[in-house]
2 protein chains.
Amino acid sequence: MNQQPKVLVIGLGLIGASFAKALKSRHAAYVYGYNRGAGVAQQAKELAVIDEVVDDLQSLPPLDCIVLGVPVLAIAPVLEQIKPALSGLTLLTDVGSVKGEVVTIVQQTLGELPACFVPGHPIAGAEKSGLAAANETLFDDHMHIITPLASSSAAAIELVTQLWQACGADVISMSVEKHDEVLAATSHLPHLLAFSLVDTLSRESENSEIFKYAAGGFRDFSRIAASDPTMWHDIFLTNQSALLAVLRRFQADLSQLEQAVEQGDGAYLKQVFTQAKQSRDHFSDLLAARKKKSQ
Amino acid sequence: MNQQPKVLVIGLGLIGASFAKALKSRHAAYVYGYNRGAGVAQQAKELAVIDEVVDDLQSLPPLDCIVLGVPVLAIAPVLEQIKPALSGLTLLTDVGSVKGEVVTIVQQTLGELPACFVPGHPIAGAEKSGLAAANETLFDDHMHIITPLASSSAAAIELVTQLWQACGADVISMSVEKHDEVLAATSHLPHLLAFSLVDTLSRESENSEIFKYAAGGFRDFSRIAASDPTMWHDIFLTNQSALLAVLRRFQADLSQLEQAVEQGDGAYLKQVFTQAKQSRDHFSDLLAARKKKSQ
């Protein structure tokens, strides 16, 4: 494609704004931005995150691609408004942490799955949220998972791949079901456990006195419990079945560890801990390799 | 005390060696070092971690203080060897993560709790272990918890306080029981959950393929699962009852969350996540205040 594609990002939070800024700063697209309420998109233009503000979703300029950067449960009302523009698009995509529910929402709202639609999920994030935290290097060396559907056109898959690669991401393709299972295990469950642990400890002492004594182990663990409660509420409820399945396997494994501690079964503990350390070290090697590859 | 106290550190791992190096570099003590096997203590002298090597625990120079820097389950055989020297000491202390079991071991091995004995536990650590990771600033702005016993002399409590303060630590006193409960909740349980989560995920896919897709949430969570399996085996088995108590409260809270996800009870999820975020933010404030105080 010799001409820059025209991309509209709807929702200029951390992910949407970082994607917009990465595309614009690398000259990979001409980037329009829309955000609910007038101020945010205007500010995004002043910060050079986007090229041009879109004020009204029902009166759009000619576009190649629309990226839905809003939370999963906010997608339906946005789709209602942009419906007339969809037939002119090469690509409609999103950045939600759950894919099955997004596909259901698109199907229900539009009455079909359009050929331009390819669901996506960048495996990246940061502690801060919002436009102010936008970072054009957020996706460098990170995976972007796409979950093409039977209805997705080749042109849509090609454009989504091209745009995210331009932002520095490794684009990986898998089924919707596999995505939701893998993310339930590697992201949603850890967050649920972190929220739950901090909750348990808060109950331990009414005045949070216990936190005074908390050290490194707890600090690492609880960092992710500072994430946005509303976003996680949406994720847990929309990836319910995959999350419950892996949560129950975790609970069963934890009960076995509990029994081993109770019975003083040191051999079992050592075996599990050694296996866990090996897996963690293997994971560290993978991370290091991914980083090195990009240097 | 005008004259420098003479301190022997037995066990020159991360904690023992960092304590020795901090004392020596701040001229707060004349530091002897002992480690099983000849090479380590000699290397510690060459690295200026200690002033002088001790080769034989049964033939010690005149000392004011002995610090047991060995794992909890290695304390008994060391005590057997240093028994003759204890009557000349002002202070005998340790650095174990569990205090009840250490008191039991001292009582059983010596047949009494000597007046010089004050148990202690520095709330500090690092990802790396061993002499090579020794860091004289490891305890700056960190808590050192002491758990004085009814049998502990005023002179012993004064010396342990003075030495750890010289290493930059805030010295805090609490009962053995409270220490073991607080640490079970804030350190031992998070480590058990991290080991258990990594274990569950390893079982999910035989070739660890799942780790390829793991992102930030999992990275923070699993970092602590890279800790030394033997040390944690000892900790879990020696702090069994406090750990099991808080683990069971956690399991009950987690089951409530599981039910809420299953029933789509968004209000309950939001309430727990918001409370967890507030507690975590409160904890971050505490950490920031502790850091600021020391600047």
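## The nonpolar core

The largest nonpolar core of this predicted model contains 90 residues. Within this core, the residues with the most contacts are Phe236(A), Phe273(A), Phe236(B) and Phe273(B). In soluble globular proteins, nonpolar side chains tend to be buried together.

Phe273(B) illustrates how the two chains come together. When neighbours within four places in sequence are set aside, Phe273(B) contacts Leu192(A), Phe195(A), Pro229(A), Trp232(A), His233(A) and Phe236(A), together with Leu257(B).

## The relation between the chains

Two copies of a chain are related by a rotation about an axis and a shift along it. Here, chain A is superposed on chain B by a rotation of 180° with 0.0 Å of shift along the axis, and the RMSD is 0.0 Å. This is the relation of a two-fold axis.

Through which surface do the copies meet? Of the interface residues of chain A, 100% are also interface residues in chain B, so the copies meet through the same surface.

## A pair of packed helices in chain B

Two packed helices are described by the angle between their axes and the distance between the axes. In chain B, helix α6 (residues 176-204) packs against helix α9 (residues 240-262) at an angle of about 65°, and their axes are 9 Å apart. The crossing of α6(B) and α9(B) is right-handed.

Helix α6(B) contributes Asp180(B), Glu181(B), Ala184(B), Ala185(B), His188(B), Leu189(B), Leu192(B) and Leu193(B) to the contact, while α9(B) contributes Ala242(B), Leu243(B), Val246(B), Leu247(B) and Phe250(B). Sorted by class, the contact of α6(B) with α9(B) has 10 nonpolar, 1 polar and 2 charged residues.

## A buried aspartate

Asp253(B) is also located in helix α9 of chain B. Is Asp253(B) buried or exposed? Its relative accessibility is 10%, and buried means under 20%, so Asp253(B) counts as buried.

Not counting residues up to four places away in sequence, Asp253(B) touches Ser196(A), Asp199(A), Thr200(A) and Arg203(A). The C-alpha atom of Asp253(B) is separated by 31 Å from that of Ile146(B), and these two residues are 107 residues apart along the chain.

## Two loop residues with positive phi

Most residues other than glycine have a negative phi, and most peptide bonds are trans. His27(A) has a positive phi, near 55°. This histidine lies in the loop between α1 (14-25) and β2 (30-34) of chain A, and His27(A) is exposed, with a relative accessible area of 62%.

Asp141(A) has a positive phi as well, near 65°. The loop that holds Asp141(A) runs between β6 (120-122) and β7 (143-146) of chain A. With a relative accessible area of 28%, Asp141(A) is partly exposed.

Methods:
Residues are numbered from 1 along each chain as its sequence is written. Chains are lettered from A and ligands numbered from 1 in the order in which they are written. This is a predicted model: local features need pLDDT of at least 70, side-chain atom pairs count only at pLDDT 80 or more; totals for chains, interfaces and linings use all residues. Side-chain values use heavy atoms; hydrogens and water are left out. Axes are lines fitted to C-alpha atoms, for helices over the stretch in contact, and angles run from 0 to 180 degrees between N-to-C directions. Helices (H or I, at least four residues) and strands (E, at least two) are DSSP runs, numbered from the N terminus. A crossing is left-handed if the near helix is turned anticlockwise from the far one by less than a right angle, and right-handed if clockwise. Contact means heavy atoms within 4.5 Å. Ala, Val, Leu, Ile, Met, Phe, Trp, Tyr, Cys and Pro count as nonpolar, Asp, Glu, Lys and Arg as charged, and the others, Gly among them, as polar. Copies are superposed by least squares on the C-alpha atoms of residues with pLDDT of at least 70 in both. A nonpolar core is a set of buried Ala, Val, Leu, Ile, Met, Phe, Trp, Tyr and Cys residues joined through side-chain atoms within 4.5 Å. Buried means under 20% relative accessible area, exposed over 50%, partly exposed in between (1.4 Å probe, protein chains only).
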